[in-house]
Amino acid sequence: MTRTSITLEHVGLDLPIFDVSGQSLKKRVLRAGRRNRIAEDNAGVVIVRALDDISFTLEAGDRLGLIGANGAGKSTLLRVMAGIYPPTAGNVHTLGKSVPLLDISLGMEDQSTGRQNIRLRGLLLGMSDKEIRAKTEEIAEFTELNDYLDLPLRTYSTGMRVRLGFAISTAVDAEILLLDEVLSVGDAKFQQKAKARLEGLHRRAEIVVIALHSNEAIRNACNKAIWLDRGKLMAIGNTAEVTAAYEAHATQA
């Protein structure tokens, strides 16, 4: 039986920025001390180096936390691992079913009902029709949306949309779970339900990669950590050691 794993080999990602002038972006980037992260292609389009030479391997049982300041590349790395952004350099090798919980509303349709969106979002996450039918009532009950599930999504509040998207996304059985930040869903009572559901999903997955702003939460949830800074891998290894190195650097900065 093939063991679940994900390997990144010298992964780099260049992102084109089409909606700003090269000169104005250069000024902002240079002020931030990021001279080596931008360039222009032959057409004059500004290119930003979002990830630079990232290599590591995760295997079954690994719980990896991504740490770093805003703009360090945590969310971008998750999107590369999920296959949303193909790397412009290097390779990503994945063995096992990977489920990204990065945008829990992706694929949902305003004109369709809540129940119809359970199927749409479920299919997008790789669930079969049989699996969706088996889980629809459990998802519906968890949302606490009751009769609203038979109304179009356009009638939902933002909080109701998030509840529905969260319930569908966390019903998936993932071997590799990619999660970007803790999800805020509803009132305090519902958030406790959501936390318990997310913990169950963590336990079922063989590999979990999570980006959080809380280093304490990373220490509690993960056995490994990666420290990213401006798209570069600064450190990888034992969670306590990596978070301590990052915190020491942040204190000195």
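**View 1. Two charged side chains at the ring of Phe 142.** In this predicted model, the charged end of Arg 197 sits over the ring of Phe 142, at 4.2 Å from the centre of that ring. Lys 193 also lies over the face of Phe 142, and here the distance from the ring centre is 4.6 Å.

**View 2. The aromatic pair of Trp 227 and Tyr 246.** A pair of aromatic rings is described by the distance of the centres and the angle of the planes. The structure holds three aromatic pairs, and in the one formed by Trp 227 and Tyr 246 the ring centres are 5.7 Å apart and the planes stand at 65°, so the pair is edge-to-face, a term that applies to planes over 60 degrees apart. Because Trp 227 lies in strand β9 (residues 224–229) and Tyr 246 in helix α8 (residues 239–252), the pair ties together parts that are 19 residues apart in sequence. Trp 227 is buried, with a relative accessible area of 9%, and Tyr 246, at 16% relative accessibility, counts as buried too, because the cut-off for this word is under 20%.

**View 3. The buried residues of helix α3.** Within helix α3, which covers residues 114–124, the residues Gly 114, Asn 117, Ile 118, Arg 121 and Gly 122 are buried. They lie on the same side of α3, because they cover an arc of only 130° around the axis. An α-helix has 3.6 residues a turn, so residues three or four places apart point the same way. Among the elements that cover the buried residues of α3 are β6 (98–101), α4 (129–143) and α5 (158–169). Just after α3, Gly 126 takes a positive phi of about 90°.

Terms used: Residues numbered from 1 in each chain as written. Predicted model: local features only at pLDDT ≥ 70, side-chain atom pairs only at ≥ 80, totals over all residues. Heavy atoms only, no water. Buried < 20%, exposed > 50% of the residue type's maximum accessible area, 1.4 Å probe, protein only. Helix = DSSP H or I, 4+ residues; strand = E, 2+ residues; numbered from the N terminus. Arc of directions from axis to C-beta. Contact = heavy atoms within 4.5 Å. Phe/Tyr/Trp six-rings, centres within 6.5 Å; stacked < 30°, edge-to-face > 60°. Lys NZ or Arg CZ within 6 Å of the ring centre and 35° of its normal.
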